[in-house]
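Please look over the model below before reading on. The paragraphs that follow lead through it one region at a time.

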Amino acid sequence: MSTAVVWFRRDLRLSDNPTLRAALDAADEVVPLFVVDPRLWESASANRRWFLVGCLDDLDEQLEGGLVVRRGDPVDVVPQLARQVGAEVVFHAGDVGPYGRERDERVASALADDGRRVEVPDTPWVVAPGDLSTTQGGTYKVFTPFFRAWKERGAPDPRNTPRRIPVASGVRSDGVPRAPSVDADLPTPGETAGRRRANRFLREDVDDYDERRDDTAADATSRLSPYLKYGCIHPRQLLGGLDLRNRGHATFAQELAWRDFYAHVLHEWPDSAWSAWSDTLKGISVSRGTQADEHFEAWCEGRTGYPFVDAGMRQLVAEGWMHNRARMATASFLVKDLHIDWTRGARFFLRHLVDGDLSSNNHGWQWVAGTGTDAAPYFRIFNPVRQSKRFDRDGGYIRRWVPELADVEGSSVHEPWTLDGGPPDGYPEPIVDHAAERDEALRRYEAATGRS
DNA sequence: TTTTGAGTTGTTCGA
DNA sequence: GTCGAACAACTCAAA
């Protein structure tokens with residue numbers, strides 16, 4: 001009777017799971033393992049811990065209580081368990097973050113010392129990071145050629161869900177951790193909920209995704225990011241349900257490709273998680289000190305006086321999620337209107353986002369800040385009022401998230417300081433003047449790049 | 001080796 | 001109100 005360990009990390013599903021499939025093909029029975037790594041657990045936000053716990057509960061339920069949860073450093077826990085159950089091979093999916101990759105190497109070498117080995121049949125991306133190169137053999141730094149190559153590669157066929165999973169019995173489990181209490185109204189966690197969400201999106205919303213995704217009030221994005229983050233669903237499964245001749249489908253596929261692109265970038269340049277990928281703006285002046293701290297706090301709490309920005313920030317705290325359009329507008333405001341270092345904003349986003357992913361989040365921030373691969377040109381500065389009028393035409397998004405403005409009629413909701421008598425009670429005047437700060441941002445960029 | 005075409009998401013200004 | 005150009009040069013990727 002042979003036994004294999006399947007180490008689940010951010011692939012918390014049974015369907016289309018090549019890692020699980022490979023283990024089942026290789027052994028008579030499996031031990032499905034999740035390791036609560038204190039280092040990751042402590043640093044994860046309450047929102048993400050809550051969601052993760054829900055995913056584990058769902059997985060455990062599907063395994064009829066067979067999930068083995070152990071707390072501790074994976075470098076100790078995984079080899080220990082493998083030895084205990086007599087597993088020759090540990091199967092897990094690949095990771096891309098600096099910590100995860102180092103951890104995986106150490107686990108693999110600890111297992112090897114004990115005469116065991118690791119197999120990595122899959123990753124959480126459509127194309128494994130590092131697997132797509134330019135014709136010269138380099139890593140893509142520009143999205144469009146990456147996307148071309150990515151499309152040509154095509155999605156592998158989804159694997160069938162195993163009918164029966166023979167789980168080894170009698171293996172001690174510490175049990176799924178208790179969920180922390182959270183203030184946010186978070187989505188239902190787990191594979192079951194993720195599949196339901198995906199099916200609904202593919203059935204109802206993807207056809208006109210290209211036209212409606214930017215309408216913040218319509219809320220017509222997929223909202224699948226938390227499920228992708230924890231692997232409740234694999235992007236391959238979504239891609240398989242798309243017809244790329246349809247514009248909505250093609251646009252959504254492109255978003256999946258962006259997720260892959262940034263994972264590739266982080267894989268190649270691990271330091272780019274928290275420091276500028278490009279040094280062209282190395283010397284740019286960022287604001288620090290008391291006033292910057294006050295500005296940052298106002299931004300975090302959604303009281304900048306710019307309703308569209310405030311709506312986004314309040315949605316983030318309330319739902320652990322923010323509409324993509326609002327992510328760009330709020331990020332641009334922090335970097336270009338308040339001149340605050342992008343890493344501060346990225347850190348705050350990660351603390352609240354239930355989909356918080358190092359590569360997508362931080363490279364998205366670098367795109368806004370102008371320091372990333374294929375970054376926005378320096379002169380691309382979002383106007384918070386213009387964005388508001390374009391992407392929240394009737395103000396529904398603002399009125400939903402900024403109740404002080406719920407009764408403001410017409411287009412004044414985008415710029416309440418223009419009302420007679422100023423903004424309604426309880427809503428602030430703008431903390432900065434956008435036109436002036438836009439000029440200031442351009443000045444700082446010029447100074448940093450040596451242009452005159 | 002050299003050349004060529006192109007590059008997520010914007011804004012403003014002037015015709 | 002609409003439209004095109006300017007906002008910069010540079011680097012990437014492929015031929």
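How many nonpolar, polar and charged residues does the surface near DNA strand B have? By class, that surface has 9 nonpolar, 4 polar and 3 charged residues, where Ala, Val, Leu, Ile, Met, Phe, Trp, Tyr, Cys and Pro count as nonpolar, Asp, Glu, Lys and Arg as charged, and the others, Gly among them, as polar. A residue is taken as near the strand if its C-beta atom, placed from the backbone, lies within 6 Å of it. Of the 16 residues around DNA strand B, those that come nearest are Phe143, Thr144, Trp258, Asp374 and Asn383. At least two residues of this surface are supplied by each of α6 (143–153), α16 and α17 (384–391); helices (H or I, at least four residues) and strands (E, at least two) are DSSP runs numbered from the N terminus.

This is a predicted model, in which local features need pLDDT of at least 70 and side-chain atom pairs count only at pLDDT 80 or more, while totals for chains, interfaces and linings use all residues. Residues are numbered from 1 along each chain as its sequence is written, and chains are lettered from A and ligands numbered from 1 in the order in which they are written.

Chain A is divided into domain 1 (3–122), domain 2 (125–156 + 191–268) and domain 3 (290–449), with bounds that come from an automatic or database domain assignment. The centres of domain 1 and domain 2, taken over C-alpha atoms, are separated by 25 Å. Between these two domains, 15 residues of domain 1 are in contact with 16 residues of domain 2, contact being counted if the C-beta atoms of two residues, placed from the backbone, lie within 7 Å. On the side of domain 1 that touches domain 2, the residues divide into 7 nonpolar, 3 polar and 5 charged.

Helix α11 (residues 247–268) packs against helix α16 (residues 358–369) at an angle of about 90 degrees, with their axes 8 Å apart. The two helices are therefore roughly perpendicular, a term that covers angles of 65 to 115 degrees. Arg259, Tyr262, Ala263, Val265 and Leu266 of α11 make the contact with Leu358, Ser359, Ser360 and His363 of α16.

Glutamate 64, in the loop between α3 (46–62) and β3 (68–71), has a positive phi near 55 degrees, and histidine 339, in the loop between α14 (324–337) and α15 (342–352), has a positive phi near 60 degrees. Most residues other than glycine have a negative phi.

Note on methods
Axes fitted to C-alpha atoms, helices over the stretch in contact; angles between N-to-C directions. Parallel < 35°, antiparallel > 145°, perpendicular 65-115°, else oblique.
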